[in-house]
Amino acid sequence: MITDAEKLDIEKTLAYLTLEEKLRLLSGDGMWHTFGAGELPRVRMSDGPHGLRMTSGATTSAVPSTCYPTLGMLANSWDPALMYSIGVGLGHEATAMGVNLLLAPGVNIKRHPLGGRNFEYLSEDPLLSGELGKAYINGVQATGVGACLKHFAANNQEDLRMTSDSVIDPRALREIYLKPFEIALEAQPEAVMCAYNKLNGEWCAENKKLLTDILRGEWGYNGAVVSDWGAVRDRAKSLAAGVDLAMPDSLGAFEETLRKAVANGTVPEQAIDDALRRLLGLIDNVYLEPYGDFDADAHDRLAYNAAVAGLVMLKNDSGFLPLTRDLKILVCGENAMSSPIQGGGSSHVSPLRSLSPLDSFILRGIDVTYCRGYSADAKLNSSCVAEALDAAAGSDAVVVFVGQPAPTEGVDRETLDLPPEQNNLIAELTAAGHRVVIVVCGAGPIAMPWVNRVRAILYTGLNGQNGALAAVDALYGRINPHGKLAETFPADLSDIGSDFGGERVLYRESIFVGYRYYDAIDRRPLFPFGHGLSFSEITYDHATVRRNADGTAEATVTITNKSVRDTYEIIQVYVADKSGRMLCARKQLAGFIKAFAEGQTTTTLTIPLNKSAFEFFDAKQNKFVTIDGDFDVLIGASSADIKFTLPLHVDGEFNDNVPFPAAYTIPHRAKISDADFTALLGAPIPSVPAKPKKGEYTLACCINDILPTLPGKIAKSIVMRRAKTMGDKTSAEYKAFVASALFTPLSAVAAMSDGAMSLNTAKGIVEMANGRLFKGLKYLLKKN
Ligand code: BGC
């Protein structure tokens with residue numbers, strides 16, 4: 001560790017750096033480092049979030065590391081202590097490999113179940129996301145490694161992620177989308193990464209309100225702001241907005257911009273120095289030579305414990321699970337041979353080890369029969385089904401492993417539906433009277449047309465290198481599942497409405513996200529937020545609530561585990577405003593606790609509620625206020641299983657009544673008009689900017705912008721030719737590659753192409769697209 005005596009003298013360093021060195025420092029060096037001017041060390045960054053992704057280039061494969069459950073699964077643990085341990089585990093792998101800044105965690109809200117990166121995010125609820133993110137950061141930083149909280153902000157979809165505009169009203173912005181960041185920042189992460197998208201018409205990377213006024217001004221954050229990779233278009237604007245470090249290497253382009261801007265006075269040197277002070281602070285705080293080693297076996301055990309904590313038993317009719325070893329079990333599904341354990345994109349790690357479900361049965365000495373059961377090839381499928389039905393005859397139960405292919409950063413999921421052949425197999429087996437147990441692998445919510453016909457459902461999602469072993473152990477009762485969903489499983493996509501995936505996305509539903517939305521439109525989801533079963537029976541008694549003089553509150557409840565088996569119970573406390581002063585959700589999470597519940601034991605628990613549990617954002621005053629009025633405090637086992645409703649009066653300072661459009665009484669997204677939404681937004685809906693035309697193209701444009709021109713068409717055809725080598729056109733990897741190549745600014749494509757496209761080539765393409773053929777050719781002919 002660096003001792004205080006070795007601390008960098010930032011002012012002295014600033015004094016000896018030349019302007020050129022200063023400008024160079026403000027962009028990355030290669031894909032993963034800060035620039036090492038003079039004696040300054042180069043800080044190494046690597047992705048998390050669920051494992052260390054140590055690669056040399058943009059696309060090279062990573063050095064093997066522990067693959068923990070994805071954040072989307074970890075969140076089902078509702079366990080800050082576990083998140084802390086995962087952070088420590090990641091930190092130790094990082095120090096051993098010489099990584100100084102871990103590019104994680106992502107605490108963006110799961111706004112829509114098809115969000116392609118939901119698997120990397122924690123929850124649909126801001127409190128749960130923020131608290132778990134905070135604990136993770138504390139864990140990482142306890143090892144001396146810095147954490148980089150991302151993607152600030154409102155990065156809630158992957159399609160058009162480099163260009164889309166998230167249009168959000170002030171209340172939803174503060175209460176839902178910024179809240180998890182505000183909470184997680186209490187852990188003081190060394191860096192915050194700004195998002196690719198626009199927020200209310202302005203790029204997050206150029207958004208002064210977000211990066212300076214709110215983050216630094218209101219929240220007092222004094223760490224560094226790093227751009228998402230390739231998110232910066234106009235370096236001068238992004239610097240002025242508060243981006244200290246543009247990543248990755250701009251190959252000189254950003255120095256050129258800043259040099260001109262300093263020379264013509266549009267960027268004062270003071271702004272450069274301010275950004276450098278924060279960047280040097282980051283370098284000083286996180287830089288360490290690689291040291292130590294990590295205990296791969298201990299991390300493997302942690303990955304197992306985390307997988308146990310994150311898996312969720314969604315259904316278990318009449319205690320059908322656990323299975324016993326004397327039963328004759330047929331296992332079906334390709335996912336039993338190899339199930340996805342993580343998603344694709346920048347979070348993808350090379351796992352140190354990984355077991356399939358079938359390997360896990362063998363490891364545990366459990367004798368099962370296997371048959372494939374379904375095939376995407378229609379010709380093969382009927383014989384697979386016939387074979388499964390034959391094999392099922394005489395078995396006591398059939399365990400079917402199902403799931404969509406792993407999702408990938410850069411593309412949203414297209415559907416909640418499983419491939420039809422998987423649903424068909426389940427339909428055939430249940431119609432034939434078999435007792436079917438489903439294990440759902442892959443990411444996020446899926447539709448379950450067979451939900452009422454199967455005996456039990458285990459959701460194992462993308463659960464890391466020991467996810468399959470944990471699932472098999474749950475099936476056979478070696479462990480007692482106890483995770484609860486950190487996101488709603490919708491019954492039908494049509495419940496959710498539209499406004500997702502486009503270039504300008506109107507968040508018409510405002511604060512009504514996730515369970516807040518289902519509550520408001522009175523729709524029962526397939527499985528509610530906070531739902532999850534265990535093999536134990538837990539009862540709730542004697543609840544109380546009281547508010548303290550300092551504005552905090554605490555709820556107490558007594559739980560009894562009536563069963564012999566020990567378990568953990570996740571208790572949730574929600575708050576419901578009864579005053580009607582503002583548009584409010586029917587309930588919102590205000591506190592939670594994961595408690596050990598010993599078999600046949602009664603325990604009384606206290607769940608603390610922060611002062612903020614009774615605060616709401618008043619757009620008029622631009623601040624959070626405490627409502628003066630009546631509340632209900634709801635204590636439950638899930639958002640839909642409320643055991644106690646306790647009245648509580650809150651003496652707040654806010655006794656105004658804030659009118660809202662009638663359409664928000666039942667805020668079905670599809671029924672909120674532009675006018676209603678504008679009223680909430682308090683400003684006109686930003687228009688979709690006109691596409692740049694010939695003569696206006698710059699390096700900030702993407703191939704898609706210059707498509708009307710011949711160079712654009714040629715560039716696209718090169719991309720498509722390269723994409724062909726990536727295999728199946730329907731795969732998420734193929735789509736992600738094409739989307740990223742066509743929609744990333746050309747300067748960033750060059751920077752991240754691992755040398756395949758030089759900056760001069762990018763400049764040449766831009767000039768030619770602008771019709772300046774010779775100037776373009778001159779660039780193209782330059783050596784690099
Ligand atoms: C992702 C970030 C990631 C970065 C570096 C970007 O494409 O959005 O989450 O940290 O790449 O890999």
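A cavity is here a set of grid points where a 1.4 Å probe fits but cannot get out. In this predicted model, 8 cavities of 30 Å³ or more are found, and the largest cavity has a volume of about 230 Å³. Its lining comprises 16 residues, among which Leu127, Lys179, Gln588, Leu589 and Ser612 lie nearest the centre. At least two lining residues are supplied by each of helix 5 (126–142), helix 6 (170–177), helix 7 (179–184) and strand 19 (588–597), with strand 19 giving the most, namely 3 residues. By residue class, the lining of the largest cavity divides into 8 nonpolar, 3 polar and 5 charged residues.

The lining of the second largest pocket consists of 11 nonpolar, 9 polar and 9 charged residues.

Helix packing was examined for helix 12 (residues 296–310) and helix 17 (residues 467–475), whose axes come within 8 Å and cross at roughly 55°; the two helices are therefore oblique to each other. The crossing of helix 12 past helix 17 is right-handed. In this contact, Tyr304, Ala307 and Val308 of helix 12 meet Gly467, Leu469, Ala470 and Asp473 of helix 17, and the contact residues divide into 5 nonpolar, 1 polar and 1 charged.

Technical notes
Residues are numbered from 1 along each chain as its sequence is written. This is a predicted model: local features need pLDDT of at least 70, side-chain atom pairs count only at pLDDT 80 or more; totals for chains, interfaces and linings use all residues. Side-chain values use heavy atoms; hydrogens and water are left out. Ala, Val, Leu, Ile, Met, Phe, Trp, Tyr, Cys and Pro count as nonpolar, Asp, Glu, Lys and Arg as charged, and the others, Gly among them, as polar. Axes are lines fitted to C-alpha atoms, for helices over the stretch in contact, and angles run from 0 to 180 degrees between N-to-C directions. Helices (H or I, at least four residues) and strands (E, at least two) are DSSP runs, numbered from the N terminus. Angles under 35 degrees count as roughly parallel, over 145 as roughly antiparallel, 65 to 115 as roughly perpendicular and the rest as oblique. A crossing is left-handed if the near helix is turned anticlockwise from the far one by less than a right angle, and right-handed if clockwise. Contact means heavy atoms within 4.5 Å. On a 1 Å grid over the protein atoms alone, a cavity is a set of points where a 1.4 Å probe fits but cannot get out, and a pocket is an open set with protein on both sides within 12 Å along at least five of seven lines; lining residues have an atom within 4 Å of a point. Grid points are joined across faces, edges and corners, and a volume is the space filled by probe spheres set on the points.
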